[in-house]
Amino acid sequence: MDLATSVAAETDPRGFPSPARDYFHGGIDLNRHLIRDRTSTFVMRVSGNSMAGTGIADGDEIIVDRSLPPRDGCVVVAVVDGELLVRRFLRHNDGQPALSTEPSPPAAGQLAKPSELTVWGVVTRCLHHV
Amino acid sequence: MSQDRIALVDVNNFYVSCERVFDPLLEGRPVVVLSNNDGCVVARSAEAKALGIATGTPWFQLQAQARAWGLMARSSNYELYGDMSARVMEVVGRFGTWQEVYSIDESFVGLTGTPEQLGKTGEDIRAAVDLHVGVPVCVGIAATKTLAKFANRIAKQNPGLGGVCDLGAMPAGHADAIQHRVPVSGLWGVGGRTAARLKLMGIETIAELRAADPALIRKKFSVVLQRTVMELNGTECIPHTEERADKQQIMFSRSFSAPVTTVGAMEEVMAVYAQKAAARMHDDGLRASAMTVTAGTSRFAGGEGSFPAVTVRFPVPTQDPIVLVRAAVAAMRGSTVPGAAYLRAGVMFSGLEPADGPEMLDVFGSGTGASQPGVGGVLGEVRGRFGSQAIGIGLGGLAAQPGWTMKREHSSPRYTTEWAELPIVKA
């Protein structure tokens, strides 16, 4: 995945490179600023509004880094019942991990059982459509 | 004492594992990935293997039972596999003193360390690939490539080893016992015909081949098999050819004698490499569904590294060198960082199928087809740069009847390479 490049866009139908290309060093490269490690970074698209309180809305793209450890309070992509969900990752007082749509710990009944909870990756950015 | 060793790292059931990263429902279920046009099985999950489904089984033969088995099928998603491959290779390469990418899901890496450190590094590689990319790998560590391949096989077939087998660290006599049991056909590069001829000489197991006289083997067979014998005895003698051709992939990659630093020079490299690989493919009577081009700077030099990897899927499988060269040049042009010092590059064709019959017309008009205007310009450009022998006229192109399109009924999205097809995560 490379946000800055697209094969189609670079394919000049005549097969010649733009003469300016070798001198073009680019402006701001979002890859450099938004991607810490490209081997572990993925972009996903959000469906649903349950995380709107965190500023993540339906249709937004999120940047997910698989290699970061999930810390208490961070937003993660988790696997629950075979589905990818974006949720806030919280640790209960007893240290058990839990998922919530809210920034505060969920009521006991809302807890995903740890055995059913796999963190897929940590959300580092939201590309919110304004 | 520190030792130099070779690790062979490969992804278990690579295509299926890639699909599972983005579709957790496929976890634990039998899954197969189908060839072009959803023809036959090219990859199987462990569960699908356990059902007795063989590679190459036509999909229509499985369809009737698929529901009862809970069998899931996916069309080949070469864009996804190419991108995931590049990620795996980069993670694995970080652990090695050198790396030779051997196929879309395998690479040799050089490791240095004490026996304890080597085993730990193998476990670290496995954990890092799982964490970063989300696919499972097996690691075989030994003194030679042939033995590293053998160790990898042991790691794969013995789940108790946790995916890592360091041949040198196995209990005394253990590896030897396995070599006495496993037939020579289980070795890297030893085909069925060679195995049959060896059997006539009374050589059936790996241990028997290891004990054979290398000079005699060379006389009766080839220098290739002689190398295998020497490698089994711990003498490293298979060079880093960085070339591969078999039923699954054709690959041409090289390290440069001097760094390539301009986009133009990299384009020339791509044109030459794509033609080399295309010539091989043509000789083998194959055509490709997809092409992956890669390049890399040194991981040890200062400054930022650049490891471009772009996968292009062809609208219809092709062996047309014009199409292949154009696609390779265009794909790398957009990904090369001007000024970066590239030390290696490669071109790999995957999704190979027999090129029997003429090539299909590109009914999608995607701009990669040989029938598009402008091809002559490229052809002339390549000839001008590389001489008249540099490129041949393509064989296929216009002879076939249009009228059908590629069947990809079970295709997953191109999750990592297309902005419109990103994985959906529910909120």
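These legends walk you through close-up views of a predicted model. Local features need pLDDT of at least 70 and side-chain atom pairs count only at pLDDT 80 or more, while totals for chains, interfaces and linings use all residues. Residues are numbered from 1 along each chain as its sequence is written, chains are lettered from A in the order in which they are written, and side-chain values use heavy atoms, leaving out hydrogens and water.

**View 1. The domains of chain B.** The assignment (automatic or from a database) gives domain 1 (1–170 + 417–426), domain 2 (171–243) and domain 3 (249–355 + 370–396). Between domains 1 and 2 of chain B, the centres, taken over C-alpha atoms, are 25 Å apart. Here 17 residues of domain 1 are in contact with 23 residues of domain 2 (contact means heavy atoms within 4.5 Å).

**View 2. The largest nonpolar core.** Look for 53 residues, with A:Trp120 and B:Tyr81 among those having the most contacts inside the core. A nonpolar core joins buried Ala, Val, Leu, Ile, Met, Phe, Trp, Tyr and Cys residues through side-chain atoms within 4.5 Å; buried means under 20% relative accessible area, with a 1.4 Å probe and protein chains only. Helix H4 (residues 78–93) of chain B gives the largest share, 7 residues. Domains 1 and 3 of chain B both contribute, so this core lies between them.

**View 3. Around A:Trp120.** Leaving aside residues up to four places away in sequence, A:Trp120 touches residues including A:Phe42, A:Met44, B:Val21 and B:Phe22.

Note on methods. Buried < 20%, exposed > 50% of the residue type's maximum accessible area, 1.4 Å probe, protein only. Helix = DSSP H or I, 4+ residues; strand = E, 2+ residues; numbered from the N terminus.
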